[in-house]
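Reader: I have just opened this one and would like a walk through a few places in it. Could you take my questions one at a time?

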Amino acid sequence: MADLTIAGAVTEDAGEVLTLQRAAYLTEGALHDDFTLPPLVETLDEIRAAITGGEVRKAVLGTRIVGTVRARLDGQTCHIGRLAVAPDLQGHGIGSRLIADVEQRWADRVARFELFTGPKSEPNIRLYRRLGYHDMPTPHGAEPLVFLEKLPSRVGAVEDGLT
């Protein structure tokens, strides 16, 4: 994946981001028996708005968008969300590189990074823990999601022994 590039998404990417996001989250929908997850029902206009109004990063291989992630600042917290990697390229480090990109871009401006995933998303949870994220209390009303956080001082740290 040496020729993988990460850059900011532009509104012209919205259709490809929508397609990628839906393909990537279908397994999450099946795993949790819920195909109404926000990434699966988000509209093209909502993705355009996210790109215009926020930090949407894309991983590009050749001319193909193969991954995306979003970051949003809320006070001193950078919320990372909608991490999506093309199903045929999952497990090749693209998600890790996207998260590292967000962390590097925001580390000097925030007190912590926060993300969440579904309780049955064991590969995602393992990934986030390997990247230095730790479980945090689930906010009231956000059950059954699993919330994880990381301090900027841990950016670049990878946990030993976790895969």
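Reader: Is Thr68 buried or exposed?
Author: In this predicted model, Thr68 counts as buried, because its relative accessibility is 2%, which is under the 20% limit used for that word.

Reader: Where does Thr68 sit, and what does it touch?
Author: Thr68 is placed in strand S3, which covers residues 64-74. Not counting residues up to four places away in sequence, Thr68 touches Val17, Leu20, Arg57, Lys58, Arg82, Leu83, Ala84 and Leu98.

Reader: Arg82 is on that list, so where is Arg82, and what is its phi?
Author: Arg82 belongs to strand S4, residues 77-85, and although Arg82 is not a glycine, it has a positive phi of about 50°. Most residues other than glycine have a negative phi.

Reader: Which loop holds Asp33, and what is its phi?
Author: Asp33 lies in the loop that runs between helix H1 (14-31) and helix H2 (38-41), and Asp33, which is not a glycine, has a positive phi of about 50°. Asp33 counts as exposed because its relative accessibility is 67%.

Reader: Where is Leu37, and which residues is it in contact with?
Author: Leu37 is also a residue of the loop between H1 and H2, and once its neighbours within four places in sequence are left aside, Leu37 is in contact with Glu28 and Gly29.

Reader: Staying with the helices, at what angle do H1 and H3 pack?
Author: H1 and helix H3, residues 44-53, pack at an angle of about 115°, and their axes are 9 Å apart. That angle makes H1 roughly perpendicular to H3, and the crossing in which H1 passes H3 is right-handed.

Reader: Which residues meet there, and of what kind are they?
Author: From H1 the residues are Ala14, Gly15, Val17, Leu18 and Gln21, and they meet Leu44, Ile47, Arg48 and Ile51 of H3. The residues of this contact divide into six nonpolar, two polar and one charged.

Reader: Changing topic, where is Ala7 found, and what does it touch?
Author: Ala7 is found in strand S1, residues 4-8, and, not counting residues up to four places away in sequence, Ala7 touches Val56, Arg57 and Lys58. Ala7 counts as partly exposed, because its relative accessibility is 30%.

Reader: How far is Ala7 from Leu98?
Author: From C-alpha to C-alpha, Ala7 and Leu98 are 9.5 Å apart in space, while in sequence they are 91 residues apart.

Reader: Last one: with which side chain does the side chain of Arg112 make a polar contact?
Author: The partner is the side chain of Glu149, and the polar contact has a distance of 2.8 Å. Arg112 itself is found in strand S5, residues 112-117.

Reader: Is Arg112 buried or exposed, and which residues is it in contact with?
Author: Arg112 is buried, because its relative accessible area is 18%, and the limit for buried is under 20%. Leaving aside its neighbours within four places in sequence, Arg112 is in contact with Gln76, Thr77, Cys78, Met136, Glu149, Lys150, Leu151 and Pro152.

Definitions and conventions. Residues are numbered from 1 along each chain as its sequence is written. This is a predicted model: local features need pLDDT of at least 70, side-chain atom pairs count only at pLDDT 80 or more; totals for chains, interfaces and linings use all residues. Side-chain values use heavy atoms; hydrogens and water are left out. Helices (H or I, at least four residues) and strands (E, at least two) are DSSP runs, numbered from the N terminus. Buried means under 20% relative accessible area, exposed over 50%, partly exposed in between (1.4 Å probe, protein chains only). Contact means heavy atoms within 4.5 Å. A polar contact is a pair of N or O atoms within 3.5 Å; within protein, one must be able to donate a hydrogen and the other to accept it, and residues adjacent in sequence count only if both atoms are side-chain atoms. Axes are lines fitted to C-alpha atoms, for helices over the stretch in contact, and angles run from 0 to 180 degrees between N-to-C directions. Angles under 35 degrees count as roughly parallel, over 145 as roughly antiparallel, 65 to 115 as roughly perpendicular and the rest as oblique. A crossing is left-handed if the near helix is turned anticlockwise from the far one by less than a right angle, and right-handed if clockwise. Ala, Val, Leu, Ile, Met, Phe, Trp, Tyr, Cys and Pro count as nonpolar, Asp, Glu, Lys and Arg as charged, and the others, Gly among them, as polar.
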